[in-house]
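Student: I would like to learn how to read a model like this one, feature by feature. Could we go through it together?

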Amino acid sequence: MSFLFRSSKTFKPKKNIPEGTHQYDLMKHAAATLGSGNLRNAVQLPDGEDLNEWVAVNTVDFFNQINMLYGTITEFCTEDTCIIMSAGPKYEYHWADGQTVKKPIKCSAPKYIDYLMTWVQDQLDDETLFPSKIGVPFPKNFINIAKTILKRLFRVYAHIYHQHFSEVVRLSEEAHLNTSFKHFIYFVQEFNLIDRRELAPLQDLIDKLITKDGR
């Protein structure tokens with residue numbers, strides 16, 4: 001899903017899927033289906049396709065979307081305005097990646113999101129985790145790897161909605177944000193990729209977006 005932003009600034013470099021690969025074809029299929037406007041159909045696994053590849057392509061796409069959305073509000077998300085990474089008063093996130101940072105650390109939202117997006121980028125660039133070449137198998141625990149990435153990407157949506165929605169509205173980006181988030185939610189629900197408890201900070205919004213679609 002590509003959006004035109006007034007600022008083409010992305011928070012991190014965009015992750016590209018190489019042309020000529022099967023994943024590139026899948027990505028084009030996903031973009032075409034999204035163009036039809038039916039998000040629920042757009043997230044379904046295409047006939048005969050591999051679930052790992054479909055999850056991989058969409059995970060890259062969501063990383064790029066969130067990267068762009070956050071890029072539009074970085075000037076408002078600063079060490080002073082967002083001294084903790086939160087999604088409203090009840091939800092605070094501490095950073096740990098299990099490797100370089102083993103014990104969760106409390107940090108500002110911009111620092112947390114920088115850690116998070118750098119960590120995701122490293123995973124997406126790792127050919128042993130996200131193989132782009134035909135015939136290279138996905139790791140056996142790939143879906144669990146994707147679940148962790150998507151769970152953490154959700155936290156960026158949650159922070160934007162809770163702490164920066166007024167700025168998003170001022171930039172006239174709320175339609176982009178809502179469409180991107182709805183697409184994300186349909187996708188993770190379709191394949192059961194995020195535990196319901198993790199979605200709690202935005203559960204009311206999720207219920208509203210999905211009820212609108214008649215479910």
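Student: Where does Ser 108 lie, and is Ser 108 buried or exposed?

Tutor: This is a predicted model, so please read every value as computed from it. Ser 108 belongs to the loop between helix 3 and helix 4. With a cut-off of under 20% relative accessible area for buried, Ser 108 counts as buried because its relative accessibility is 5%.

Student: Which side chain makes a polar contact with the side chain of Ser 108?

Tutor: That of Glu 79, at 3.1 Å. Leaving out residues up to four places away in sequence, Ser 108 touches Glu 79, Cys 82, Ile 83, Ile 84 and Met 85.

Student: Cys 82 is in that list. Which residues does UniProt list with Cys 82 for "binding site"?

Tutor: The record, an unreviewed entry, lists Cys 77, Cys 82, His 159 and His 164 under "binding site". Although these residues span 88 residues in sequence, no two of their C-alpha atoms are more than 9.9 Å apart, so they gather at one spot.

Student: Which residues are in contact with Cys 82, and which with His 159?

Tutor: Set aside neighbours within four places in sequence in both cases. Cys 82 is then in contact with Cys 77, Ser 108, Ala 109, Pro 110, His 159 and His 164. For His 159, the contacts are Cys 77, Cys 82, Met 85, Ser 86, Ala 87, Ala 109, Ile 113 and His 164.

Student: Now the helices. How many helices and strands are there in the protein?

Tutor: The protein has 7 helices and 0 strands, so from the N terminus the elements read α-α-α-α-α-α-α.

Student: What should helix 3 span, given its number of residues?

Tutor: Count 1.5 Å a residue: helix 3 (residues 51–71), with 21 residues, should span 30 Å. Its end C-alpha atoms are 30 Å apart, which agrees. Helix 3 is also mostly covered, with 20 of its 21 residues buried. At its start, a side-chain oxygen of Asp 50 comes to within 3.3 Å of the backbone nitrogen of Asn 52.

Student: How do I describe a pair of aromatic rings?

Tutor: Such a pair is described by the distance of the centres and the angle of the planes. There are 14 aromatic pairs in the structure. In one of them, Trp 95 and Tyr 115 are stacked, at 6.2 Å centre to centre with 20° between the planes. Trp 95 is in the loop between helix 3 and helix 4 and Tyr 115 is in helix 4, so the pair ties together parts 20 residues apart in sequence. Trp 95 is buried at 2% relative accessibility, whereas Tyr 115 is partly exposed at 32%.

Student: Which residues form the aromatic cluster?

Tutor: Phe 62, Phe 154, Tyr 157, Tyr 161, Phe 165, Phe 181, Phe 184, Phe 187 and Phe 191 form one cluster. Phe 184, in helix 6 (residues 174–190), is buried at 0% relative accessibility. Beyond four places in sequence, Phe 184 touches Phe 62, Leu 150, Leu 153, Phe 154, Tyr 157 and Ile 194. Phe 184 and Tyr 157 are 27 residues apart in sequence, and their C-alpha atoms are 9.8 Å apart.

Student: And what about the protein as a whole?

Tutor: Buried residues are 51% of its 215 residues. Among contacts between residues at least 6 apart in sequence, 74% join residues at least 24 apart. The accessible surface is about 11100 Å², and 50% of that belongs to carbon and sulfur atoms.

How values were computed
Residues are numbered from 1 along each chain as its sequence is written. This is a predicted model: local features need pLDDT of at least 70, side-chain atom pairs count only at pLDDT 80 or more; totals for chains, interfaces and linings use all residues. Side-chain values use heavy atoms; hydrogens and water are left out. Helices (H or I, at least four residues) and strands (E, at least two) are DSSP runs, numbered from the N terminus. The expected span of a helix is 1.5 Å times one less than its number of residues. Buried means under 20% relative accessible area, exposed over 50%, partly exposed in between (1.4 Å probe, protein chains only). A polar contact is a pair of N or O atoms within 3.5 Å; within protein, one must be able to donate a hydrogen and the other to accept it, and residues adjacent in sequence count only if both atoms are side-chain atoms. UniProt positions are given in the numbering used here, feature names are shortened, and annotations may be inferred rather than shown by experiment. Contact means heavy atoms within 4.5 Å. Accessible areas come from the Shrake-Rupley method with a 1.4 Å probe; for residues, only the protein chains shown count as cover. Rings of Phe, Tyr and Trp (its six-membered ring) pair if their centres lie within 6.5 Å; planes under 30 degrees apart count as stacked, over 60 as edge-to-face and the rest as tilted.
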